[in-house]
Amino acid sequence: MSVLQSLDLRRRSASPEPPPPAGKAPAVEVAKLIDVSKCIGCKACQAACLEWNQLDQPIGYTDGTYNNPTDLTPASFTVMRFTEYEHGDDFEWLIRKDGCMHCADPGCLKACPAPGAIVQYTNGIVDFVSDNCIGCGYCVKGCPFNIPRISKTDSKAYKCTLCSDRVVVGQAPACAKACPTQAIYFGTKADMTAHAGKRIEDLKSRGFQNAGLYDPPGVGGTHVMYVLHHADRPSLYAGLPDNPRISPLVGVWKGMLKPISLAAIAFAGVFGLVHYVTRGPNRVTEHDEEEAAALEKQKGA
Amino acid sequence: MTNSWNDIKNTDLVLIMGGNAAEAHPCGFKWVTEAKANNGAKLIVVDPRFTRSAAVADVYAPIRPGTDIAFLSGVMRYLLANGKIHREYVKAYTNATYLVKEGFKFEDGLFAGYDEAKKSYVDRSSWEYQFDEQGMVKADDTLQDRNCVLNLLKVHVERYTPEMVERITGTPKARFLQICEMIASTSTGERTMTSMYALGWTQHTTGAQNIRSMAMIQLLLGNMGMPGGGVNALRGHSNVQGITDLALLSTSTPGYLVLPTEKEATYEDYVKSRRFKPLRPGQTSFWQNYEKFFVSQQKSLFGKAATKENDWAYDYLPKFDVSYDVLKMVDMMAAGQMNGLFCQGLNILMAAPSKNKVAAGLAKLKWMVVIDPLQTETARFWENHGEFNPVDPKAIQTEVIQLPASAYAEEEGSATNSSRVIMWHWKAVEGPGESKSDMEIMSALHLRLKALYAKNGGAFPDPIVNTMWDYKSPENPDPAEVLKDINGYALEDIPDPADPNKVLLAAGKLLPSFALMRDDGKTSGGMWIYTGVYTEAGNMSMRRDASDPTGLGIHPNWGFAWPANRRVLYNRASADPDGKPWSQRKKYLEWNGQRWAGGDVPDYGPTVAPDKNVGPFIMNQEGTARLFARGGMPDGPFPEHYEPMDAFVANPLHPKVTTNPVVRVFAADAKSFGTPDKFPIVATSYRLAEHFHYWTKNVHNNAVLQPEMFVEIGERLAKAKGIANGDWVEVSSQRGSIKAKAAVTKRIRPIMVDGKPCDIVGLPIHFGFVGVTRKSQPVNTLTPPVGDVSAQTPEFKAFLVDVKKTTPPASQPATA
Amino acid sequence: MTVEAKPVSRYTTAARINHWITAISLILLALSGLALFHPWLFGLTALFGGGQLTRMLHPWIGVVLAVSFLGLFLRFFTLNFWKREDTVWMKNLGSVINNKEEGLPELGKYNAGQKLVFWGQSILILLLFCSGLVLWDTYFADATSVDQKRLAAVVHALCAIGAILIWIVHVYAAIWVKGTLRAMTRGSVTGGWAWKHHRKWFRQEVGKP
């Protein structure tokens, strides 16, 4: 995606932080708000995503649920996840549209070793640039939401682009456009947060005391947010992480390990050099040779 | 719909029952989310399965399939017993106060006048009002007389106590009462409830009465004609409303006029019973204009051949003996009584009940023409698809001719949606290959038949050779020209009845309104209800002005809503008898001293003052709505709970009359019904959001989203049968059996019916043996060959089956 | 003219080939691995024909290394068991580094440093191989959980750095201690070298044909 992108970058994988674009007002941060309480699980968003992105998802089989395809794939950037939640006599069918959350602090970008394969635009969208992708799968390990998928066909990583190609020309993402119930809203992050506030008020008035906005601080907030009836327990919604953050292991791997390792290698090299210069080579002396010859003679004798 | 999709946003309470709007009408469902998000509306879903509509509902109640009348009658009892009716509305706008004949009675499941031998209410004379000397209906405004409609209704529904409702429907009493209380909250005029239903109500032997029950509730609550009220049928196909308007029904002509019966040999016989005279003083009885609509239609059909002298070519019309609906057709085919069949946009092998009976019928035809944009199971019924269609092609001699038709985006024309809004659509792409529009195909057929009849004559070639077809391009008429023809125009100058020297409309001009239709041959018009759609001002169905001056979702300049661009029917009832809105909150129309003012076209004389006491239900002879249906329904003037033909229990109300007593069962189908000893599980069929009927299984992306047939099984039943999620299951009924993957779910709630556990399974209808989805045996293999007593809509929604674990279907053998 | 002893054979041709296959794969792995490890070094992917090819080749080279190193291991592990004199040698490591080797015990074929290199690389390469399989998504993506992969990534990186550091020590030692390199090029060392560094081994080997 985004080969022809004309958006300014905030971050670029495996690259120094780009300077802020000169002579421009700071970009407005966008967000997609998924109102789970309005979602009817019709999968129009899935269909729109397949159509807009011209994805060729193979026809599968049913697994006895409404989850089809059963998981995200390189050709399915978004899937509905249906959860049957029984509590006492009551029952809820929780339906969550799963896909990239476009973290403010994206674990995929942090993990990516290929310069420019993952970019974050100043509007907050995190996008994969296939031309630069080397297919290492580090983004999969970096992601706290288990989103990117590596294609077996071209060994590149794929995920929701938040329709960066539509957003750049002032269009809402295809999923938001297709959603019949406006369960998917798109706009500035500030507007979406405010809109979520009203929705949460409505849900509280309907007895969902723990309704709330899912904009997890552990990843610096996200540019895809959820309105949840049970914001106190996000994991009810097909395992949405309760408190997502970039794994500490990824933090170590892509954090201090990098400079420390290079320093250690450099230190070893320098140590050798200094040692060689100050102590000099360890040479075999003539005496040693004589001793060796003597021993040889003795043995041979 | 009495109201419109957009109007749903005005409601305070949505009851989805007999439908699953979120899945089957996701785009229309947006108005429910609007009402919820912006109007604080609550949503109730009553359904055998916890559907995707239920997923966003405030309250969900499970119900056994086929018991809606018991539930709704229980609601009526609650409203009446607790005084939760809109009393002033009910008294003024319904027939509640009218007195019914003494002989009317209901006993042991039967109304008066039942003929056991004919399985019919042959004598409906007691299902009638008492009349005074002037032929006017007697009424008791004090509602004291035990024979007044309201009191008869009270007696009739008294049996539907919450306990009885739970016993029949399986809906827990507490949940039922919670819903009653919510519904009752809309009886004030300050709040309204909308009812959204679809095939979940129609596809029963009691289909029409299901809907009637809701209409009665809405009348008791005063919700008819109100913004955010009404009884709203959610139509399926994009233009199924249009095709219904244009006479999909086998005993109608366009515009809900009636096809003559064989008993109506002359025109006078036909019209005399249809010139409905007012039954209450000062009433409009709009059907008095019947002849104007009928004659205009005859002029449109036969042009100059329809004259006053030949009774407007009345003899050209077929006179029916029995209803030739799809069930009857299948029965006749199976009996070898039909030679040929045209299937135009109909996948009859999957769409009619009892697939095996349909297949046997098709195999007895000499020929069948299939006109469809897609490959259908019907066109391939003779083809062996292994277990999925195990037929022997050599044994089938039917010649099948496929005529590829264009799809909607490949042709222009109008389509009418559930809101009765006629909207033009433009051609997006050329149809592929040799496909032609349905109009072109039918025109070609028509012209060739006409030529043959003109050349060869025959017993009575007149109706065919005289059918008017004066389009500019007869082989392929311009759809706009056809719409003009449907709208109608003046054949001669139409004089003003008030001033004969004044001409209301010059000859050749398009009719602006059906009010100008004449019964003297001066006007032509294919279908009166659409008149106004194409006027001298242009094609109104092309209008796309989204403005909504009142904010009530009326959008008067978007397309054209029949009749007369009216968006909410019976809207006069939104104001009290004095012409003042029942509440400011629900203000829609009001009398401003001169005329009825508001954003919508009044369903009423626009300048008829309230003190004229004309009722708001102007189509009825009484001017009021009917809580008591008189003789209009074949199975009784009040709805009554009857079990589906595959009865899970003996009717707890009257075990001797378990099922609908007037149901039509063909002799060949006498042994087609299942009993709970052999088939102890209740099944219902339904649609998925991911698919549209049998079409989208041909579309890759839809197949991705739902690739394969499954059967939804509750956890209780799955455990009892040792079935795990994803197992292959055989589902069998008295009619046949299919295989499907088990979808074991908590969403089918365990219920108790008449003291015993009732397990329900759900079967999506979409999957067949043609298309890109995984192959499946069609679900209608299981369904009973019987329909609603009023409309003959097949009983797809409630039947008995058994399920057991089985092996996967054998893969299909290679085609030769 | 000084009398010189005959060269002492230290490595067979097969062992030398085995060593150099290992060495080359280790260097290629280090280069490709570092290219994917730190963005500063991503340019190294150019050596392998770009990022995609680097990603593709690295695990296969890893397989070569693993097999090759297994060969080395089987050849040499018996010679690398820890002896008492190794402990003494280690205690005098400071003197060794300062080129003061007087008074150290006589050593067999390998000194303690070499043994540590041997065992260090043996353990690290085993860990690298196993963690590498976990990370080899092309074939084994579904075999492990994401958390296991994350742990594997850290283990792989740590072990790789360890292996590179040991490699540096190994290479530097060969440069620093003159006369060492020819053991792996020509297969033999001078008698003096053997006398000086591995006298016990020399005593065994001297006089053999």
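The contact between chain A and chain B takes 31 residues from chain A and 36 residues from chain B, where two residues are in contact if their C-beta atoms, placed from the backbone, lie within 7 Å. The model is a predicted one, in which local features need pLDDT of at least 70, side-chain atom pairs count only at pLDDT 80 or more, and totals for chains, interfaces and linings use all residues. Residues are numbered from 1 along each chain as its sequence is written, while chains are lettered from A and ligands numbered from 1 in the order in which they are written.

On the side of chain A that touches chain B, helix H1 (44-52), strand E3 (79-87) and strand E4 (90-98) of chain A each supply at least two residues. Helices (H or I, at least four residues) and strands (E, at least two) are DSSP runs, numbered from the N terminus. H1(A) gives the most to this side, namely five residues. By class, the side of chain A that touches chain B holds twelve nonpolar, eleven polar and eight charged residues; Ala, Val, Leu, Ile, Met, Phe, Trp, Tyr, Cys and Pro count as nonpolar, Asp, Glu, Lys and Arg as charged, and the others, Gly among them, as polar.

Two pairs of chains are in contact, and of these chains A and C share the most contacts. Chain B and chain C are joined by no contact, and their closest C-alpha atoms lie 22 Å apart. The contact between chains A and C takes 45 residues from chain C and 47 residues from chain A. Helix H1 (13-37), helix H2 (51-76), H7, helix H9 (191-197) and helix H10 (199-205) of chain C are the elements that give two or more residues to the side of chain C that touches chain A. H7(C) provides the largest share of that side, 13 residues. The side of chain C that touches chain A comprises 24 nonpolar, twelve polar and nine charged residues.

Helix H7 (residues 146-176) of chain C packs with helix H8 (residues 257-279) of chain A at an angle of about 10 degrees, their axes being 10 Å apart. Axes are lines fitted to C-alpha atoms, for helices over the stretch in contact, and angles run from 0 to 180 degrees between N-to-C directions. H8(A) and H7(C) are therefore roughly parallel to each other, a term for angles under 35 degrees. Among the residues that make this contact are A:Leu257, A:Ile265 and A:Tyr276 of H8(A) and C:Ala157, C:Ile164 and C:Trp176 of H7(C). The contact of H8(A) with H7(C) has twelve nonpolar, three polar and no charged residues.

Chain C itself contains ten helices and two strands, which run from the N terminus in the order β-α-α-α-α-α-α-α-α-β-α-α. Its C-alpha atoms fill a box of roughly 65 × 30 × 30 Å along the principal axes. The mean pLDDT of chain C is 93, and 98% of its residues reach 70 or more; pLDDT is the predictor's confidence in each residue, from 0 to 100. For the complex, the predictor gives an ipTM of 0.93 and a pTM of 0.94.

In chain B, six strands form a closed barrel, E26-E32-E27-E29-E28-E33, with mixed pairing; two strands pair if DSSP finds at least two bridges between them. The twist from one strand to the next averages 45 degrees. Strand E27 (residues 710-714) and strand E32 (residues 760-764) of chain B pair in the antiparallel sense over two bridges. B:Ile713 has B:Val761 in E32(B) as its bridge partner.

Conventions. Angles under 35 degrees count as roughly parallel, over 145 as roughly antiparallel, 65 to 115 as roughly perpendicular and the rest as oblique.
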